[in-house]
Amino acid sequence: MEFDFLAPLDTDLLIDIKRLSSQHLSSKVVFHTEHDFPDVTKVDLAIIGILENRGGHSESNDLDLSYVRKQLYSLFPGNWSKTIADLGDILPGNSEEDTYFAVQKVVSKLLKHKIIPIIIGGSQDLTYALYRGYDDLEQMVNLVSIDHKFDFGKEEGSISSESYLSKIIIEEPNNLFNFSNIGYQTYYNSQEEVDLIDKLFFDAYRLGEVCNTISIAEPVFRDADLVSLDLSSVKSSDSGNFHNFQPNGFNGKEICALSRYSGISDKVSCLGIFNYNNSKQEAVLIAQIIWYFIEGVHYRSNEYPFGSKENYIKYTVPFENEDIVFFKSDKTERWWIEIPFFTNTHNKLKKNTLLPCTHDDYLAACNQELPERWWKAQRKSIL
């Protein structure tokens with residue numbers, strides 16, 4: 001059984017959580033205890049800790065998520081209808097590969113049950129295991145990383161939090177359709193890595209660009225399956241992480257807004273939060289990041305790819321060689337652009353598909369400016 005990899009919550013922690021009032025989030029969560037395991041057939045979201053830190057650069061390999069949970073469950077929930085379970089922790093295996101295997105099996109099982117895993121992890125190389133959890137679903141995966149670095153490292157041997165992305169790109173089966181980075185800081189990334197992003201038609205948004213107009217990140221999350229959040233993307237004055245000092249980065253409000261965008265996306269099916277440094281200050285931030293993600297999930301509108309195109313207004317913009325088609329939702333006023341299917345080429349897309357975009361993309365097209373999202377997606381689909 002895949003869930004045998006999960007260890008129950010500590011009894012003393014459960015006692016502290018149960019002391020909270022019925023108005024707190026704790027009253028809406030079912031817990032994995034020593035004597036009871038939640039009925040996953042009745043769960044919408046599952047919180048899981050992964051106590052694996054060997055792939056990172058933490059000063060301590062011992063990860064303790066107790067304070068994160070205390071902070072999270074002492075928050076007051078919104079008017080949420082989703083059922084939440086805390087399934088406990090995946091303990092470190094004899095090797096990092098053993099941990100990856102356990103994470104992959106647990107995540108795969110949850111995804112098959114259409115349960116959204118919320119992972120609180122150690123090192124960010126665990127993103128690789130989350131990605132592999134989609135293998136049994138036989139689908140292409142769009143990965144979004146909120147990170148100050150691209151993590152294309154060339155380290156020999158086992159992967160690390162700074163090289164996991166290279167393994168995802170290279171290793172078979174290659175189910176990665178698109179990778180997007182939100183918030184990279186140029187001085188932490190070599191020109192070779194920046195060029196590679198362009199060469200592979202991936203998307204990357206600089207920190208200043210996102211902070212200036214945070215809404216540009218919303219369409220990126222709308223097309224994501226898996227979101228990996230590196231807490232090092234938050235500046236230390238807001239995260240409380242002074243072991244790995246970051247003078248620049250997202251502030252607390254911005255990282256919570258990004259988390260809400262990922263939650264409200266109808267497509268995101270897994271969230272991972274990584275590189276927690278065991279500090280009480282950062283635990284408070286993690287709790288609020290998770291709160292905003294759950295809030296977003298509650299307000300999902302079930303639009304494309306789950307809705308019908310009949311509920312949208314269609315806009316056709318004529319170009320010299322072909323028309324570009326946009327769709328606008330009556331319900332949320334969000335925009336999509338149609339990516340055509342080419343029958344005479346090897347194509348990763350099986351049919352015409354809609355790519356999330358912004359109203360500004362439509363206005364640019366009206367001025368005969370080819371939307372960059374459309375061009376990159378089209379190039380990627382025929383490679």
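Let's start at Lys28, which sits in the loop that runs between helix H1 (11-18) and strand S2 (29-31). Keep in mind that this is a predicted model. Lys28 has a relative accessible area of 39%, so it counts as partly exposed. If you skip residues up to four places away in sequence, Lys28 touches Pro77, Gly78, Trp80 and Ile84. For a sense of scale, take Lys28 and Asn277: they are 249 residues apart in sequence, and their C-alpha atoms are 28 Å apart in space.

Gly78 is in the loop between H2 and strand S4 (84-90). With a relative accessible area of 24%, Gly78 is partly exposed. Beyond its neighbours within four places in sequence, Gly78 is in contact with Lys28, Trp291 and Glu295.

Two packed helices are described by the angle between their axes and the distance between the axes. For H1 and H2, the angle is about 15 degrees and the axes are 10 Å apart. Angles under 35 degrees count as roughly parallel, and H1 and H2 are therefore roughly parallel to each other. Their crossing is right-handed. H1 brings Leu13, Asp16 and Ile17 to the contact, while H2 brings Ser66, Arg69, Lys70 and Tyr73. Sorted by class, the contact of H1 with H2 has three nonpolar, one polar and three charged residues.

The crossing of H2 and H11 is right-handed. On the H2 side you'll find Tyr67, Val68, Gln71 and Leu72; they meet Lys280, Ala283, Val284, Ile286, Ala287, Ile290 and Trp291 in H11. The contact of H2 with H11 splits into nine nonpolar residues, one polar and one charged.

Helix H10 (residues 252-264) and H11 pack at an angle of about 35 degrees, and their axes are 7 Å apart. Again the crossing is right-handed. From H10 the contact takes in Gly252, Ile255, Cys256, Ser259, Arg260, Ser262, Gly263 and Ile264, and from H11 it takes in Leu285, Gln288, Ile289, Tyr292, Phe293, Glu295, Gly296 and Val297. In terms of class, eight of the residues in the contact of H10 with H11 are nonpolar, six are polar and two are charged.

In soluble globular proteins, nonpolar side chains tend to be buried together. The largest nonpolar core here has 52 residues, and Ile146, Ile182, Ile255 and Leu258 touch the most other members. H11 supplies the largest share of this core, ten residues. Ile146 shows how such a residue is surrounded: leaving aside its neighbours within four places in sequence, Ile146 is in contact with Ile182, Phe221, Val227, Ser228, Leu229, Asp230, Ser233, Phe250, Ile255 and Leu258. Apart from this core lies another, of 42 residues, including Ile50, Leu110, Leu126 and Leu143.

Finally, a few backbone details to check in the viewer. A cis peptide bond joins Glu172 and Pro173, with omega about -5 degrees. Pro173 is found in the loop between helix H5 (164-170) and strand S7 (176-184). Asn302 is not a glycine, but has a positive phi of about 55 degrees. Asn302 belongs to the loop between helix H11 (280-298) and strand S11 (312-318), and is exposed, with a relative accessible area of 52%. Gln368, not a glycine either, has a positive phi of about 65 degrees. The loop that holds Gln368 is between helix H12 (359-366) and helix H13 (372-381), and at 44% relative accessibility Gln368 counts as partly exposed.

Terms used:
Residues are numbered from 1 along each chain as its sequence is written. This is a predicted model: local features need pLDDT of at least 70, side-chain atom pairs count only at pLDDT 80 or more; totals for chains, interfaces and linings use all residues. Side-chain values use heavy atoms; hydrogens and water are left out. Helices (H or I, at least four residues) and strands (E, at least two) are DSSP runs, numbered from the N terminus. Buried means under 20% relative accessible area, exposed over 50%, partly exposed in between (1.4 Å probe, protein chains only). Axes are lines fitted to C-alpha atoms, for helices over the stretch in contact, and angles run from 0 to 180 degrees between N-to-C directions. A crossing is left-handed if the near helix is turned anticlockwise from the far one by less than a right angle, and right-handed if clockwise. Contact means heavy atoms within 4.5 Å. Ala, Val, Leu, Ile, Met, Phe, Trp, Tyr, Cys and Pro count as nonpolar, Asp, Glu, Lys and Arg as charged, and the others, Gly among them, as polar. A nonpolar core is a set of buried Ala, Val, Leu, Ile, Met, Phe, Trp, Tyr and Cys residues joined through side-chain atoms within 4.5 Å. Angles under 35 degrees count as roughly parallel, over 145 as roughly antiparallel, 65 to 115 as roughly perpendicular and the rest as oblique.
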